[in-house]
Amino acid sequence: MRVILNGRKASKGYAMPVSRKHGLWLQSEPIRSFLLPVMQTLTVDLGDRSYPIHIGSGLLDQPGLIVPHLAQPRVAVVTNTTVAPLYLDRLITALTGAGVTVQPIVLPDGEAYKNWETLNRIFDALLGSRAERKTTLVALGGGVIGDMTGFAAASYQRGVPFIQIPTTLLSQVDSSVGGKTGINHPLGKNMIGAFYQPKVVLADTDTLKTLPPRELSAGLAEIIKYGLIWDAEFLAWLEAHMGELRALDAAAITYAIHRSCEIKAQVVSEDEREGGIRAILNLGHTFGHAIETGMGYGNWLHGEAVGAGMVMAAEASQRMGWLSAAEVTRTRALIRAAGLPDVAPDLGAETWLEYMGHDKKVESGKLRFVLLKKLGAAVITGDVPASTLRDTLTACVTNGASS
Ligand SMILES: NC(=O)c1ccc[n+]([C@@H]2O[C@H](COP(=O)([O-])OP(=O)(O)OC[C@H]3O[C@@H](n4cnc5c(N)ncnc54)[C@H](O)[C@@H]3O)[C@@H](O)[C@H]2O)c1
Ligand SMILES: [Zn+2]
């Protein structure tokens with residue numbers, strides 16, 4: 001297992017993320033031309049399904065990053081009614097200029113549409129235009145579009161090539177890495193899907209400029225998660241640079257996305273199908289899913305719920321004797337600095353336990369938690385005493401307040 005990274009040393013003196021203890025193999029190789037903006041690239045190493053992730057500004061206008069991955073000069077771009085007016089024309093112009101035929105498929109926007117009916121609209125459009133097995137599906141949008149398009153690609157004609165152009169921070173650091181695709185079922189979120197890897201991922205940081213601030217903060221929650229579970233140095237870097245990240249400073253946001261993808265890629269390449277270590281990516285999510293369910297989907301963004309959930313995980317870790325009070329305070333402060341709620345709503349202890357029990361991380365009836373042994377190191381445990389859990393809930397929640 002290894003993660004290969006090609007990139008320039010980030011500007012402003014940001015150190016390249018070298019982490020020998022995790023076996024990263026880094027290659028510092030600037031990819032520059034005086035016309036192209038600076039871009040960083042890392043490769044997710046999954047044998048013959050390995051693929052590059054390009055991160056940088058202006059990538060939407062560079063068909064050269066896409067064309068070499070096409071099996072035929074024909075793509076279907078799946079996007080939604082929010083993203084299409086912002087970025088679809090630019091992508092179509094770039095691709096058609098490179099001789100690629102583009103079929104746009106514009107879906108309604110929202111998690112509520114991540115379902116069979118909308119998936120079928122993709123199949124209807126593909127079959128209607130006689131899209132072939134070599135036609136590539138391109139996802140242009142956030143995680144909802146990425147997950148649905150990936151699943152459509154995994155199943156249309158038993159699998160067609162797939163490219164991700166994630167346009168939210170969350171999708172750039174999380175959902176576009178790792179190959180999980182799928183849709184929701186009325187009885188459960190992400191319950192129908194497939195593992196399916198893209199040919200290439202383009203994370204164009206310019207697209208983040210149109211993202212609502214709450215969505216940006218929600219993406220920052222997942223970035224903080226990577227620091228907490230894997231890399232204390234990155235966590236300290238995030239503490240020092242949160243202001244620049246929220247202001248979308250180009251060098252800072254590129255570095256943060258890069259390091260996040262690198263950590264996720266490393267975890268995923270060790271455990272693609274979540275048999276073990278991949279579960280550490282769920283830090284804060286057992287608590288977070290209970291908040292999402294308890295408050296009704298859409299009222300708290302996923303990242304907001306995970307933000308408060310990670311504070312709860314830190315509190316529980318302190319009660320397990322692993323984190324100090326000062327470390328919990330640091331965690332809480334970083335969550336707040338990212339514009340995220342650090343206090344969970346009071347669902348009532350019984351409701352909390354019930355909703356956490358519904359979480360996918362339940363193994364044979366036992367609640368398993370991702371907690372922190374220290375800042376930068378996660379542990380998966382089924383041994384959190386009920387009293388510890390109740391104390392954590394009591395300490396962390398408030399009457400419906402979100403911060
Ligand atoms: N596959 C995985 O491993 C994985 C991991 C995490 C989350 N997910 C999934 O991802 C989804 C959440 O993704 P998300 O947070 O990106 O939500 P999303 O796709 O709903 O996007 C959030 C909102 O931002 C809009 N938007 C997207 N790009 C924009 C831009 N550049 N400017 C302005 N608005 C823009 C979207 O249209 C939407 O209204 C969930 O369905 C979740 O289950 C999947
Ligand atoms: Zn998440």
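A polar contact here is a pair of N or O atoms within 3.5 Å; within protein, one atom must be able to donate a hydrogen and the other to accept it, and residues adjacent in sequence count only if both atoms are side-chain atoms. This is a predicted model, in which local features need pLDDT of at least 70 and side-chain atom pairs count only at pLDDT 80 or more, while totals for chains, interfaces and linings use all residues. Residues are numbered from 1 along each chain as its sequence is written, chains are lettered from A and ligands numbered from 1 in the order in which they are written, and side-chain values use heavy atoms, with hydrogens and water left out.

View 1. Asp231 sits in the loop between α5 and α6 (232–246); helices (H or I, at least four residues) and strands (E, at least two) are DSSP runs, numbered from the N terminus. A polar atom of the Asp231 side chain lies 3.0 Å from the backbone nitrogen of Glu233. The Asp231 side chain also makes a polar contact with the side chain of Arg259, at 2.8 Å. Setting aside residues up to four places away in sequence, Asp231 touches Tyr226, Arg259, Ile263 and Gly376, where contact means heavy atoms within 4.5 Å. Asp231 counts as buried because its relative accessibility is 11%; buried means under 20% relative accessible area, exposed over 50%, and partly exposed in between (1.4 Å probe, protein chains only).

**View 2. The zinc ion (ligand 2) and its protein donors.** Look here for Glu222 (OE), His285 (NE2) and His302 (NE2), the protein donors, which lie 2.1 Å from the zinc ion. Donors are N, O and S atoms within 2.8 Å of the metal (3.2 Å for Na, K and Ca), and water is not among the atoms, so sites may look incomplete. Along the sequence, the donor residues follow the spacing E-x62-H-x16-H. Glu222 belongs to helix α5 (residues 213–230) and His302 to helix α9 (residues 302–319), so this pair ties together parts that are 80 residues apart in sequence. Glu222 is buried, with a relative accessibility of 0%, whereas His302 is partly exposed, at 21%.

**View 3. The surroundings of ligand 1.** Ligand 1 is surrounded by 25 residues, the closest being Asp109, Glu111, Thr167, Thr168 and Thr210; a residue is near a molecule or strand if one of its heavy atoms lies within 4 Å of it. This shell is made up of 6 nonpolar, 10 polar and 9 charged residues. In that division, Ala, Val, Leu, Ile, Met, Phe, Trp, Tyr, Cys and Pro count as nonpolar, Asp, Glu, Lys and Arg as charged, and the others, Gly among them, as polar.

**View 4. Polar atoms facing ligand 1.** An N or O atom in the side chain of Asn80 is 3.0 Å from an oxygen atom of ligand 1. A nitrogen atom of ligand 1 has a polar side-chain atom of Asp147 at 3.0 Å. From the backbone, an N or O atom of Lys180 lies 2.8 Å from a nitrogen atom of ligand 1. The protein covers 87% of the 860 Å² of accessible area that ligand 1 has on its own; accessible areas come from the Shrake-Rupley method with a 1.4 Å probe, and for residues only the protein chains shown count as cover. Two or more residues of the shell come from each of α1 (84–97), α3 (143–155), α4 (169–175) and β10 (188–195).

**View 5. Thr381 in strand β16.** Thr381 lies in β16 (residues 377–381) and is buried, at 7% relative accessibility. A polar atom of the Thr381 side chain lies 2.9 Å from the backbone nitrogen of Asp383. Leaving aside neighbours within four places in sequence, Thr381 is in contact with Trp322, Leu367, Arg368, Phe369 and Leu371.

View 6. Gln157 is in the loop between α3 and β8 (162–166), and its phi is near 50°, a positive value in a residue other than glycine. Asn190 lies in strand β10, with phi near 55°. Gln157 is partly exposed, with a relative accessible area of 32%; Asn190 is also partly exposed, at 32% relative accessibility.

View 7. Gly298 lies in the loop between α8 (285–295) and α9 and is exposed, at 56% relative accessibility.
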